[in-house]
Amino acid sequence: MDVVTAKELTYQERIERLRATKMRHTEEKWRDIGVLDMDDHGLILPPVGSRRYVQVISGSGVPMKDALFADFTPKSNHPSGGIFGARACGENFHALLEMHPTYVDPVSSLAGCYMVNFLSYRQPAWNPDFDFSHLKVEHELYGLHHGIGAVQHFCQDMTIGFTLGWGGILAKIKKYRMINRDEEAQELYDGLEHFVLGMQTWIEKTARAAREMAEVEEHPQLRENLIQIADMNDRLIASPPQTFREACQWMLWYQLAGKMYNMGGSLGRIDQFLYPFYVRDVERAILNDEEAIFHLACHFVMDTSYTQLGGPDASGNDSTNRLSYLVLEAVHRLKIPVNVGVSVGEKVDPALLRRGVEILFEDKTGIPKFLGVDRTSEGFARNGYPPALGRERAYSGCHWCALPGREYTVNDCVKINLARVFEVALQEMLADTSVTPSMAAVWGRFERHVRRSVAVVATGLDFHIDHMYRVFPELHLDLLCHGPIERGRDASHGGVEYVNLCVDGSGLATVADSFAALEKNLELETRYTWGQMRQFLASDWDGPEGERARLMMRKTARYGSGGSRADEYAVRISNIFTAAVKEKPTPHGYNMIPGLFSWAANLLLGKDVGATPNGRHAHAMISHGPNPDPGFRKDAAPTALALAVAAVQPGYGNTAPMQVDFDPGVSGSQESIDSIAALIRTHFDLGGTQVNINILDKKRLLEAHEDPSRHPGLVVRVTGFSAFFGSLSPEMRQMVVDRILSQE
Amino acid sequence: MPSDLVFNIQRFTIHDGPGIRTTVFVKGCAMGCFWCHNPEGRHSYRELQYFEDRCIHCGECVHVCPSQAHDLRDGLHHFLRDRCRVTGECVKVCCSGALEMNGRVMTVDEVMEEVLRDRPFYQTSGGGVTISGGEPGLNADFVRGILGRCKGEGLHTAIETCGYCSWSALESLLPFTDLVMMDLKVITPEKHRLATGNTNEQILANARRLAATAMPIIFRTPIVPTVNDTVEEVRHIVAFIADLIALRTRGGANHRSRISYELLAFHKLGSVKYRSLGLEYHAIALDPPKRRHMEELLVLATEAGIEATMR
């Protein structure tokens, strides 16, 4: 045996090897399936030679090319070719897991990866028997992301899995199958049983593969590791995890299955549910911090899911613990796009915020993000819930929180395109020959259409809840929620205690700036007539005159500049949107919670909107989340940004995240770290709910924009998620570049 | 109420004193440092800035200019600065932002309205307000008005001065100031005159007087190639500061107030502004000092027992 290869590898060396492997997989995805304007989920492509390709819409609504196993064809149960209902989804997913190749990296302490999206096999995604064409006219009119057919986007309670294990979950299903005898429950149990049996098969064959690899592995340390993986996974087929490492492995299996099933897999409060294992193993002296960091890194390299660190427990006391810092450290060492959020609050350990900001500067990956836990929990209570319940909500997705295992939310799936709603209102007024055009007339129509768009969404959400369980039930999340198995109901159909449906507004700055530009240039300075404006917009600012008008409209003081009319309009728009969402529940009585967030969909949403009076060209992206448009102030002052975004918060527990992009002129000095920490803390004091920060080297960014292969490891925060820059489409890359360039 | 010309109010400045700050830049400076990165602060009158690269040559400015300072020839806009009477009419109609007015007369109230917007951030970060320039000492009444109001609001205050102003003006600001950041560019008088257009007797005298007060001071040296980037010159500056520290220490009650030192690497970020003002940028051929060299110079200060940083 080669002396060099026999050398004992340190944990850090193993992490570096894992990262290198991850980069190889990522670059292969770039070459093979191209761009991906969404989270890096850790997917590894199917083996070369056994791939076939499809064009699909992702779980987050993004069109994407996807690679599937060429030799797996699911069994449809519908003339449309679709796979609908719990039984069919469970059976097919089980079959997929039966044939899914095993993956064991001898360097990692954990086994498993996922290679395909089950969603991409399920075409069509919606069962055409459940017709909602009666809603489509208004869906299209307002360019809504309506949420019908939305999957996952709520959070499991991992402790259920840690307590029961797969064997215990199976026993639980069998127990309740005997109690709930109705057809809906029986079909759900069939689906869930298939899911669990598939998981057990997958784990069992992986254990076998690890043992086979161990037999031929020459490196003693890695051979020992492979034997441990095999033994551990043999136990986990049925038993719940007993050690920290086993808990990480169990969690990874669950997350991989969620990602494969419907791109789900919100982690939630990892530093809480893993903590008992950590404490017990440390007390038994079978775990130290370095090893804990390594196991966490082995998890994150395969699953980049959303995680909250620290924050209040139900009684309001800070739950930050040693593991919170170890998770941060694991992410820091990996330097891949892991979506970790650091809690910031009155009682939260301030050292966690400071360490988070230090890592932000050191890694320049936009990680971690920061969570205004006091504001989100207080806001949630305004829906009529006890404050303690709000504190239990866990950050577990791009911009969102959910009660682990107890709340159905369709978070981040509904987007009301305020820019499109504004366009409808403006065009309606301009076309109405019976009224004299005025700001008041536009505003009145805008307000009316905002309410109408919310009403259309509400009706659609009821439709979704009525039918989703018969289309694509939440088998994965159902397993670890309180209620679905006990009641025999999918989480989307009465399986969980709380239903709080997330309704986000998008394009705030586009609309606020448009109102301000109209007011200044048409009413106050009478520079243009309404008729001229109609022409400018219809022609997309065509010709030299149009371009001059466009630039003049853009010159109007914008939302974010501070004390401007656009700032006032932004607050008014947020207020009427919030009021429209909160004034009543859906027709079936489900609570809706407003947020302001576009996710990365501001590119897609913009394609539905013609030229707008803020000088935006037709079909260009709309503004990002609740953020002012880049260039909102000459000095791009983050304090001005923080004040603006704090002022437009809907305030009911869902977020309106602030995105801040710094050029590297903000050095990593102690004073810079202190200032950024103060900026974050103050934004939350003022009512802010989440902060996403990029600190990027402009030169490196521009080089990567020109040729992504020059900096394959460059990670940027796009929005609520971070991603490898090279994975993004040219348009999405341009958005990030524009934000940085506007800092000059 | 005092009012004066302000050429910029920049929020979230984090290198102009402790914490998160707002820096108010007042117009007018008697020095003529050829590398100055704020050339728009030099003159104590309003000026038109023309950013050629932003111009779309629409000719709107030609129609409204009362002094024919704008001309459109062969479809291209030409700005004839010597004709400009700085009425600002052209700025109003310039859609592309190519024409900007440098300098706005502001009252203390107007400045305070902007400055107070970030009050929550000052409180969390221990920050406040910094008056820079230009030279605050040449706008003492106005600057004192702002500083006084800031102190009334309980804000931390700082000034950045080149020191080239009367002691009485500078001294009049001190009761309302918590920190003075003062440039010491060159000690050798003749070199100073060549680089800045002025001798440095008054600056050094002001520095000594300042050191004799209880005021916390950060002396600053922009390290500029061909001017002061040598070990020899920085040694002179360090020796001067060391003397002032010794002087303050001997002064008894004042010794607790800190005197520290910052070395700032020359950069060329202001070059675009020179063009926009019709000024020639004489530092264009200079390269920013290398980090290693900055570190060597920094060591001269720390070895002399001076608390020093660089950026």
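Predicted model: local features only at pLDDT ≥ 70, side-chain atom pairs only at ≥ 80, totals over all residues.
Trainee: What makes β12(A) a mostly covered strand?

Mentor: A residue counts as buried if 20 or more other C-beta atoms lie within 10 Å of its own. Five of the five residues of β12(A), residues 658-662, are buried. The strand is therefore called mostly covered.

Trainee: How do you know which faces of β12(A) are covered?

Mentor: Side chains in a regular strand alternate between the two faces of the sheet. On one side of β12(A) are M658(A), V660(A) and F662(A), and on the other are Q659(A) and D661(A). These residues are all buried, which leaves both faces covered.

Trainee: Why are β12(A) and β13(A) called a pair?

Mentor: Two strands pair if DSSP finds at least two bridges between them. Between β12(A) and β13(A), residues 690-695, there are five bridges, in the parallel sense. F662(A) stands opposite I695(A) of β13(A).

Trainee: What makes β12 of chain A an edge strand?

Mentor: The open sheet has five strands in the order β3-β4-β5-β13-β12 of chain A, with mixed pairing. Both β3 (307-309) and β12 pair on one side only, and these are the edge strands. Neighbouring strands in this sheet are turned by 25° against each other on average, direction ignored.

Trainee: How do you know that β4(A) and β5(A) pair?

Mentor: Four bridges join β4(A), residues 340-344, to β5(A), residues 369-372. At least two are required, so the strands pair. They run parallel, and G341(A) stands opposite K369(A) in β5(A). Helix α15(A), residues 373-381, lies across β4 and β5 of chain A and runs at about 40° to β5(A).

Trainee: Why is β10(B) said to be largely enclosed?

Mentor: Five of the five residues of β10(B), residues 179-183, are buried, so the strand is largely enclosed by the rest of the structure. L179(B), M181(B) and D183(B) point one way, while V180(B) and M182(B) point the other way.

Trainee: Which strands pair with β10(B)?

Mentor: β9(B), residues 156-161, pairs with β10(B) in the parallel sense over four bridges, and T161(B) stands opposite M182(B). Strand β11(B), residues 217-223, is also joined to β10(B) by four bridges and runs parallel to it. There, D183(B) stands opposite R220(B). β9(B), helix α6(B) (residues 167-173) and β10(B) make a right-handed β-α-β unit.

Trainee: How many residues does each chain give to the contact?

Mentor: Chain A gives 24 residues and chain B gives 18 residues. On the side of chain A, the elements that give two or more residues are α23 (543-554), α26 (638-647) and α27 (670-685). The largest share, nine residues, comes from α27(A). By class, this side of chain A has ten nonpolar, six polar and eight charged residues.

How values were computed
Residues numbered from 1 in each chain as written. Chains lettered and ligands numbered in written order. Contact = placed C-beta atoms within 7 Å. Nonpolar A, V, L, I, M, F, W, Y, C, P; charged D, E, K, R; others polar. Buried ≥ 20, exposed ≤ 12 C-beta atoms within 10 Å, placed from the backbone. Axes fitted to C-alpha atoms, helices over the stretch in contact; angles between N-to-C directions. Right-handed = clockwise from strand over helix to strand, strands pointing away.
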